[in-house]
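The entries follow in the order I took them.

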Amino acid sequence: MTTDPDELHAYIERFAGVLTDTGFPRMPARVFVALMTAGSGRLTAAELAETLQISPAAVSGAVRYLTQLHLVGRERDSGSRRDKYRVFDEVWREAMLNRDFVLSRWQSALTEGIHLLGEDSPASARLGESLHFFTFLRREMPALLERYNRERAEALALEGALEGAQPSQPGRTSPDS
């Protein structure tokens, strides 16, 4: 199926708007969605600039932001001098796995603040509530990801079984013929 470029561009802008409404910077949101919707999930800076009608400098800044969040990676084809940016296949899973490092740093900063402000202060209570929440997330994240992995594997297995059970369509040959 071929997607109309104008419809795709409008979709990219709508989805980027959703991300922006939740706190994502506008340009990284646009670049992220463009990569998500690219057939290969990989585009050069020039392709991103052309797709989004933005400057190469805007692409550079957006990619830098996205790589810091581990949402996008940079790679180079063998023998090429041009970088390609790619969105990871399991982008949200990868982002959550990398959140452990961030949560750990937040926990350290919150603990330091609690000690600095004194354990009995109202400010420490607020920091302590955040610390409790992030400690909970870090403790529960491995089990949550394990449940997700199991559920995803089951869904893929079912999908594969259903595809194998599909009758061959007219004009197509089945593997048995």
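I looked up Tyr65 and found it partly exposed, because its relative accessible area is 27%, which falls between the 20% and 50% limits. The model is a predicted one.

Next I ran a search for aromatic pairs over the whole structure. It returned six. I took Tyr11 and Phe15 to begin with. Their ring centres are 5.9 Å apart and their planes stand at 50°, so I logged the pair as tilted. Both residues sit in helix H1, residues 5-21. They are four residues apart, about one turn of the helix. Tyr11 has 36% relative accessibility, so it counts as partly exposed. Phe15 has 24% and therefore also counts as partly exposed.

Then I turned to the pair of Phe24 and Tyr65. I noted it as edge-to-face, with 5.9 Å centre to centre and 75° between the planes. Which parts of the chain does this pair link? Phe24 is in the loop between H1 and helix H2 (26-37), and Tyr65 is in helix H4 (residues 56-68). Phe24 counts as buried because its relative accessibility is 13%.

Last entry: Thr44. I placed it in strand E1, residues 42-44. Is Thr44 buried or exposed? It counts as buried, because its relative accessibility is 6%. Leaving out residues up to four places away in sequence, I found Thr44 touching Asp83, Lys84 and Tyr85.

Key
Residues are numbered from 1 along each chain as its sequence is written. This is a predicted model: local features need pLDDT of at least 70, side-chain atom pairs count only at pLDDT 80 or more; totals for chains, interfaces and linings use all residues. Side-chain values use heavy atoms; hydrogens and water are left out. Helices (H or I, at least four residues) and strands (E, at least two) are DSSP runs, numbered from the N terminus. Buried means under 20% relative accessible area, exposed over 50%, partly exposed in between (1.4 Å probe, protein chains only). Contact means heavy atoms within 4.5 Å. Rings of Phe, Tyr and Trp (its six-membered ring) pair if their centres lie within 6.5 Å; planes under 30 degrees apart count as stacked, over 60 as edge-to-face and the rest as tilted.
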